[in-house]
Amino acid sequence: MSVEPDRIKEFEARIARGEKIEPGDWMPDEYRRQLIRMISQHAHSEVVGMLPEGGWITRAPSLRRKMILLAKVQDEAGHGEYLYHAAETLGATREEMLEALLSGKAKYSNVFNYPTLTWADVGVIGYLVDFAAILNQTMLAHCSYGPYARAMLRICAEENFHKKQGQDQVIRLARGTPRQRAMVQDAINRWWWPTLMMFGPPDKDSPNSAVLIRWGIKTRTNDDLRQSFINQIVPELHELGLSLPDPDLHYDEAGGNWIHGPIDWEEFRRVIHGNGPCNKERMEARQQAHEDGRWVRQALAAYAARPAGGKP
Ligand code: FAQ
């Protein structure tokens with residue numbers, strides 16, 4: 001393998017100066033590979049992430065909630081679009097990325113492989129899952145690769161609205177009838193652990209973090225972001241009289257952190273390797289959507305290939 005120490009030195013100096021790396025710039029192959037891996041998985045997560053909540057659009061409890069949910073799910077499609085474009089600037093093609101998703105080769109966020117059993121799940125996804133996504137993405141908005149950082153700025157603005165609408169629903173349900181309260185508590189109990197897993201494995205088991213941090217793609221570790229999430233969300237949920245399904249959760253005065261109990265990393269591994277409660281259903285839905293859209297892609301390809309000035 002040819003090593004180009006001077007180029008790497010200059011590349012790292014640019015990152016250290018806070019410059020953005022842009023698509024035409026020289027970059028190490030490993031930087032490109034890591035970004036394609038991460039951005040494409042992120043894009044897949046946005047697109048698969050439309051499914052758990054999308055099923056509730058026709059069952060929303062009011063016209064206002066239906067409009068909000070429609071807008072949110074549509075935003076996630078747009079986020080997938082920005083992110084696929086960002087990955088394309090690195091040389092990945094849309095076809096390759098979609099093939100990797102649809103064949104089950106590519107990963108996407110663990111959290112979207114769980115069922116949405118009641119309407120309260122929609123509120124809890126907005127409040128917890130979107131908040132977790134925001135913390136991670138606010139970090140990525142400062143990442144060293146220009147197109148990814150800029151996509152994150154736009155996405156975070158929309159995710160903030162997603163979180164607020166989720167928080168609003170959780171507050172409403174927590175202050176509602178005993179049945180509504182029980183429903184939202186049950187949803188929190190089911191989504192809590194998958195949301196903590198979203199930040200990725202513990203730092204000691206995170207093979208990609210070191211290189212991502214070295215090249216300014218990630219600037220905080222998985223555990224660090226997970227801790228920030230817990231510290232912010234636990235007091236908010238307690239304030240609403242809601243509890244977390246973790247008997248070991250406690251506040252450490254000395255460190256100023258809420259300390260969580262053990263996370264079931266075996267469950268995480270099962271889910272990200274295709275064996276979670278809804279992986280099969282999610283993949284089938286995406287494969288069906290891809291088939292349903294085939295005629296649109298063919299029509300667009302025929303239009304693009306028409307002779308100059310000719311009719312499609
Ligand atoms: N799920 O070495 P690390 C959203 C994999 S968007 C599945 O620590 P890294 C919006 C990882 O890929 C949510 N797999 O990895 C929304 C790696 O496997 P690989 C998605 C996971 O990259 C809200 C292996 O484990 N956000 O929610 C997960 O340093 C509501 C070892 O892990 C992003 O993708 C996981 N949670 O850190 C939409 C943000 N965690 O690839 C709809 C961008 C780890 O080597 C509704 N990504 N793995 O085979 C990232 O920030 C990072 O990639 C992490 C993982 C933090 C996810």
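These legends describe close-up views of a predicted model.

View 1. The ligand takes up the space of the largest pocket. Around the ligand stand 37 residues. The closest of them are R37, Q41, K107, S206 and K218. At least two shell residues come from each of α2 (29–48), α4 (63–88), α6 (119–140), α7 (146–174), α9 (209–214) and α11 (265–275).

**View 2. Polar side chains at the ligand.** The side chain of K218 has an N or O atom 2.6 Å from an oxygen atom of the ligand. In N136, a polar side-chain atom lies 2.9 Å from an oxygen atom of the ligand. How much of the ligand's own accessible area does the protein cover? On its own, the ligand has 1,100 Å² of accessible area, and the protein covers 90% of it.

**View 3. Q34 in helix α2.** Q34 sits in helix α2, one of the helices that supply at least two residues of the ligand shell. Is Q34 buried or exposed? Its relative accessibility is 3%, so Q34 counts as buried; the cut-off for buried is under 20%. Beyond residues up to four places away in sequence, Q34 touches N208, V211 and L212.

**View 4. R65 in helix α4.** Helix α4 holds R65. R65 counts as buried because its relative accessibility is 9%. Which side chain makes a polar contact with the side chain of R65? The partner is D168, at 3.1 Å. Look also at the wider set of contacts. With neighbours within four places in sequence left aside, R65 is in contact with A60, W119, Q165, D168, Q169 and R172.

**View 5. Helix α5 and its cover.** Helix α5 spans residues 94–102. Its buried residues are R94, M97, A100, L101 and L102. An α-helix has 3.6 residues a turn, so residues three or four places apart point the same way. Keep that spacing in mind as you follow the helix. Which helices are among the cover of the buried residues of α5? The cover includes α2, α4 and α12 (279–292). Just after α5 comes G104, with a positive phi of about 85 degrees.

**View 6. P235 in helix α10.** P235 lies in helix α10, which runs over residues 222–239. The relative accessibility of P235 is 35%, so P235 counts as partly exposed. Neighbours within four places in sequence aside, P235 is in contact with I230 and W258. P235 and W258 are 23 residues apart along the chain, and their C-alpha atoms are separated by 9.2 Å.

**View 7. E236 in helix α10.** Helix α10 also contains E236. E236 is partly exposed because its relative accessible area is 27%. Which residues does E236 touch, not counting residues up to four places away in sequence? They are Y127 and Q167. The side chains of E236 and Y127 are joined by a polar contact of 2.5 Å. Q167 is 69 residues from E236 along the chain, with 9.8 Å between the two C-alpha atoms.

Terms used:
Residues are numbered from 1 along each chain as its sequence is written. This is a predicted model: local features need pLDDT of at least 70, side-chain atom pairs count only at pLDDT 80 or more; totals for chains, interfaces and linings use all residues. Side-chain values use heavy atoms; hydrogens and water are left out. Helices (H or I, at least four residues) and strands (E, at least two) are DSSP runs, numbered from the N terminus. Buried means under 20% relative accessible area, exposed over 50%, partly exposed in between (1.4 Å probe, protein chains only). Contact means heavy atoms within 4.5 Å. A residue is near a molecule or strand if one of its heavy atoms lies within 4 Å of it. A polar contact is a pair of N or O atoms within 3.5 Å; within protein, one must be able to donate a hydrogen and the other to accept it, and residues adjacent in sequence count only if both atoms are side-chain atoms. Accessible areas come from the Shrake-Rupley method with a 1.4 Å probe; for residues, only the protein chains shown count as cover. On a 1 Å grid over the protein atoms alone, a cavity is a set of points where a 1.4 Å probe fits but cannot get out, and a pocket is an open set with protein on both sides within 12 Å along at least five of seven lines; lining residues have an atom within 4 Å of a point. A molecule sits in a cavity or pocket if more than half of its atoms lie within 2 Å of its grid points.
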